[in-house]
Amino acid sequence: MEKIDNLDKRILSILSKNARIPFKDVAAECGVSRAAIHQRVQRLIDNDVITGSGFDVNPKSLGYKTCTYVGITLEKGSMYKDVVKRLELIPEVVESHFTTGPYTMMVKLYARDNEQLMNLLNGQLQEIPGVVATETLISLEQSIKREIPVHFEDVAE
């Protein structure tokens with residue numbers, strides 16, 4: 001990865017607050033050309049600094065009322081990649097992490113109701129070869145959701 005300079009950080013800061021902002025507005029705020037912004041953003045994408053852009057869909061608007069975190073204990077940590085392949089087949093699983101601590105992995109999933117959650121847990125997650133235990137934590141409310149802040153030195157031109 002090439003070094004990220006102050007202009008890159010400034011661009012990241014602007015885009016992380018509003019990914020839909022036109023490049024001409026980013027250019028004006030940064031004091032450079034639109035072409036320079038386009039080139040910088042493309043380089044940041046190519047170097048996996050920017051890993052995505054898109055819209056966040058509110059799961060509740062689609063009928064998914066329950067957000068759940070599930071700690072999964074595997075028979076062996078080396079089974080992680082195979083378990084992830086199986087988890088990818090369950091559309092309600094939206095995140096998966098290989099973790100330290102009491103669980104081998106932690107997943108985040110959405111369910112329409114408790115009945116679907118029970119089916120996801122008992123009929124799908126716990127049936128994956130290598131899964132020996134699960135612990136379920138239901139989120140009652142999401143209070144904070146944001147991107148990591150991008151700090152840059154605001155140097156006067």
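The model is predicted: local features need pLDDT of at least 70, side-chain atom pairs count only at pLDDT 80 or more, and totals for chains, interfaces and linings use all residues. Residues are numbered from 1 along each chain as its sequence is written, and side-chain values use heavy atoms, with hydrogens and water left out.

Let me begin with the helix pairs. Two packed helices are described by the angle between their axes and the distance between the axes. Helices (H or I, at least four residues) and strands (E, at least two) are DSSP runs, numbered from the N terminus. Axes are lines fitted to C-alpha atoms, for helices over the stretch in contact, and angles run from 0 to 180 degrees between N-to-C directions.

Helix α1, residues 6-17, packs with helix α3, residues 34-46, at an angle of about 85 degrees, and their axes are 11 Å apart. That makes α1 roughly perpendicular to α3, on a scale where angles under 35 degrees count as roughly parallel, over 145 as roughly antiparallel, 65 to 115 as roughly perpendicular and the rest as oblique. On the α1 side, Leu7, Asp8, Ile11, Leu12 and Leu15 meet Ile37, Arg40, Val41, Arg43 and Leu44 of α3; contact here means heavy atoms within 4.5 Å. By class, this contact of α1 with α3 has 7 nonpolar, no polar and 3 charged residues. For these classes, Ala, Val, Leu, Ile, Met, Phe, Trp, Tyr, Cys and Pro count as nonpolar, Asp, Glu, Lys and Arg as charged, and the others, Gly among them, as polar.

Aspartate 8 is placed in helix α1, and arginine 43 lies in helix α3. Is aspartate 8 buried or exposed? Aspartate 8 is buried, with a relative accessible area of 0%, where buried means under 20% relative accessible area, exposed over 50%, and partly exposed in between (1.4 Å probe, protein chains only). Arginine 43 is also buried, at 18%. Their side chains are joined by a polar contact of 2.7 Å. A polar contact is a pair of N or O atoms within 3.5 Å; within protein, one must be able to donate a hydrogen and the other to accept it, and residues adjacent in sequence count only if both atoms are side-chain atoms. Leaving aside neighbours within four places in sequence, aspartate 8 is in contact with Lys3, Arg40, Arg43 and Leu44.

Helix α3 has a further partner. The axes of helix α2, residues 23-30, and α3 come within 8 Å and cross at roughly 105 degrees, and α2 and α3 are therefore roughly perpendicular to each other. From α2, Phe23, Lys24, Val26, Ala27 and Cys30 meet Arg34, Ile37, His38 and Val41 of α3. The residues of this contact divide into 6 nonpolar, 1 polar and 2 charged.

In helix α4, residues 80-87, the buried residues are Tyr80, Val83, Val84 and Leu87. They cover an arc of only 105 degrees around the axis, which puts them on the same side of α4; the arc is that of the directions from the helix axis to the C-beta atoms. An α-helix has 3.6 residues a turn, so residues three or four places apart point the same way. The face of α4 turned away from its buried side carries the exposed residues Lys81, Asp82 and Lys85. The buried residues of α4 pack against β1, β2, β3 and β4.

Helix α5, residues 114-124, has Gln116, Leu117, Leu120 and Leu121 buried. These cover an arc of only 135 degrees, which puts them on the same side of α5. Their cover includes β1 (66-74), β3 (105-111) and β4 (131-139). Exposed residues Asn114, Glu115 and Met118 are carried by the face turned away from the buried side. At the N-terminal end, aspartate 113 caps α5, with a side-chain oxygen 3.2 Å from the backbone nitrogen of glutamate 115.

Finally, two single residues. Valine 93, in strand β2 (residues 93-98), counts as buried at 15% relative accessibility. The C-alpha atoms of valine 93 and leucine 120 are separated by 9.3 Å, 27 residues apart along the chain. Aspartate 48 is in the loop between α3 and β1, and its phi is near 60 degrees, a positive value in a residue other than glycine. Most residues other than glycine have a negative phi. At 59% relative accessibility, aspartate 48 counts as exposed.
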